[in-house]
Amino acid sequence: SEELSSRIRTEAVNTANTKLIKEYSQLLNKAKFEYELRMPFQDDFITGIIDTLIEHENGDFEVWDWKSNYIDSIEKKTALESHYSIQMKLYLYFIRMMNPNQKEYKARLLFTHLARPDAEHDQWTSLFKFSAQEIDGFSHELLSIIRGSAVYSFMS
């Protein structure tokens, strides 16, 4: 519909004009998109597709995951941060295996519905930061999740 097309265009333009996108524009030119990763875990494999994988000049990686959820309150944004936290940790676990010398691991949820021209980063994104030790401990959490659920979707 024309209404949906208009909304998509508006969100795309608003997102492109945020301070974050402007700040990262050079890195985004070299970023990997829809980057699929697979690694062994226990007796199986874990697969994930990272929306945007950014490599900083110092060799550190940062993960961006784009979300188009409708958000009408801070409470809704907070609930979505919680909902997606396991997915973000999983992506960072992949990055830890790829780049074990990185000191701090970052993943960011980007809620396009909240993007506005010149919006501050925290007005429309949520940043997850973990130390190497925190990410190393995630394997135990992941195993608990897998054992506690016959079927679990990290990418919902």
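Reader: Which residues of helix α4 meet which residues of α6 in this predicted model?

Author: From α4, the residues are Ile86, Lys89, Leu90, Leu92, Tyr93 and Arg96. They meet Ala132, Ile135, Asp136, Phe138, Ser139, Glu141, Leu142 and Ile145 in α6. Sorted by class, the contact of α4 with α6 has nine nonpolar, one polar and four charged residues.

Reader: How is the geometry of such a pair described?

Author: Two packed helices are described by the angle between their axes and by the distance between those axes. Here the axes of α4 (residues 74–98) and α6 (residues 132–148) come within 9 Å, and they cross at roughly 120 degrees. Angles from 65 to 115 degrees would count as roughly perpendicular and those over 145 as roughly antiparallel, so α4 is oblique to α6. The crossing in which α4 passes α6 is left-handed.

Reader: Is Ile86 buried or exposed?

Author: The cut-off for buried is under 20% relative accessible area. Ile86, which lies in helix α4, has a value of 12% and is therefore buried. Between Ile86 and Phe138, the separation is 52 residues in sequence and 9.2 Å in space, C-alpha to C-alpha.

Reader: Let us turn to the strands. How many bridges join β3 to β2, and how many join β3 to β4?

Author: In a regular strand the side chains alternate between the two faces of the sheet. In this model, four bridges join β2 (residues 44–55) to β3, and these strands run antiparallel. Six bridges join β3 to β4 (residues 104–111), and that pair runs parallel.

Reader: Why is strand β3 described as largely enclosed by the rest of the structure?

Author: The description follows from burial: β3 spans residues 61–67, and six of its seven residues are buried, so the strand is largely enclosed by the rest of the structure.

Reader: Which residue takes a positive phi in the hairpin of β2 and β3?

Author: That residue is Gly59, with a phi near 95 degrees; the hairpin has five residues between the strands. Gly59 is also among the residues touched by Asn99, together with Asp60, Phe61 and Tyr105, not counting residues up to four places away in sequence. Asn99 is placed in the loop between α4 and β4. At 15% relative accessibility, Asn99 counts as buried.

Methods: Residues numbered from 1 in each chain as written. Predicted model: local features only at pLDDT ≥ 70, side-chain atom pairs only at ≥ 80, totals over all residues. Heavy atoms only, no water. Axes fitted to C-alpha atoms, helices over the stretch in contact; angles between N-to-C directions. Helix = DSSP H or I, 4+ residues; strand = E, 2+ residues; numbered from the N terminus. Parallel < 35°, antiparallel > 145°, perpendicular 65-115°, else oblique. Left-handed = near helix turned anticlockwise from the far one by under 90°. Contact = heavy atoms within 4.5 Å. Nonpolar A, V, L, I, M, F, W, Y, C, P; charged D, E, K, R; others polar. Buried < 20%, exposed > 50% of the residue type's maximum accessible area, 1.4 Å probe, protein only. Pairing = 2+ DSSP bridges.
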